Amino acid sequence: MNPLIKQQIAKEARESIYAAHPSLIERFGENGIIQTEKDNVHHLDHLETAYSLKQPALFYDYTKWLQTVLESRNVGTHLIIDNFERLISILPGKIDPEEEEFMIDCLKEAIHLLDK
């Protein structure tokens, strides 16, 4: 994935999250805004690695780890699911179609794992 496109996707996800959940600004402040964008770059990095190795399980393992870390910081699983759903809606048309399909499938399965 082109690094500029990755940053654009992460920024769009962050903007969408904070538009939908303005209370997060009060809860996490400016650092939360910055961290949310960085987190989305990490999500995309892990999706990209899973794609390059054709190993979706790598992203699922990352998702489980992420859930543990964020819950320890009082960030609920519903926000991870929300974030992944936003990525699903943002990705189409921005990256290679085969990579897009793989990443969207991984995100959907990760949501399923989180929603159990």
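α1 and α2 pack at an angle of about 145°, and their axes lie 9 Å apart. Axes are lines fitted to C-alpha atoms, for helices over the stretch in contact, and angles run from 0 to 180 degrees between N-to-C directions. Helices are DSSP runs (H or I, at least four residues), numbered from the N terminus. This is a predicted model: local features need pLDDT of at least 70, side-chain atom pairs count only at pLDDT 80 or more, and totals for chains, interfaces and linings use all residues. Residues are numbered from 1 along each chain as its sequence is written, and side-chain values use heavy atoms, leaving out hydrogens and water.

α1 passes α2 in a right-handed crossing; the term applies if the near helix is turned clockwise from the far one by less than a right angle. On the α1 side, the contact (heavy atoms within 4.5 Å) includes I9, A13 and I17. From α2, residues including F28, I33 and L44 take part.

α1 also packs against α4, at about 130° with axes 10 Å apart. That makes α1 oblique to α4. Oblique covers what is left after angles under 35 degrees (roughly parallel), over 145 (roughly antiparallel) and 65 to 115 (roughly perpendicular). The crossing of α1 and α4 is right-handed. I9, E12, A13, S16, I17 and A20 of α1 meet D82, N83, R86, L87 and I90 of α4.

The axes of α3 and α5 (residues 97-114) come within 10 Å and cross at roughly 40°. α3 is therefore oblique to α5. α3 passes α5 in a right-handed crossing. Among the contact residues are F59 and Y60 of α3 and F102 and L113 of α5.

The table sorts the contacts by class. Ala, Val, Leu, Ile, Met, Phe, Trp, Tyr, Cys and Pro count as nonpolar, Asp, Glu, Lys and Arg as charged, and the others, Gly among them, as polar.

| Contact | Residues by class |
|---|---|
| α1 with α2 | 11 nonpolar, 4 polar, 6 charged residues |
| α1 with α4 | 6 nonpolar, 2 polar, 3 charged residues |
| α3 with α5 | 9 nonpolar, 2 polar, 3 charged residues |

The largest pocket has a volume of about 370 Å³. A pocket is an open set of points on a 1 Å grid over the protein atoms alone, where a 1.4 Å probe fits, with protein on both sides within 12 Å along at least five of seven lines; lining residues have an atom within 4 Å of a point. Of the 19 lining residues, F28, T36, D39, L70 and V75 are the closest to the centre of the largest pocket. α2 gives the most to this lining, with 9 residues.

Notes: Points joined across faces, edges and corners; volume = space filled by probe spheres on them. Helix = DSSP H or I, 4+ residues; strand = E, 2+ residues; numbered from the N terminus.
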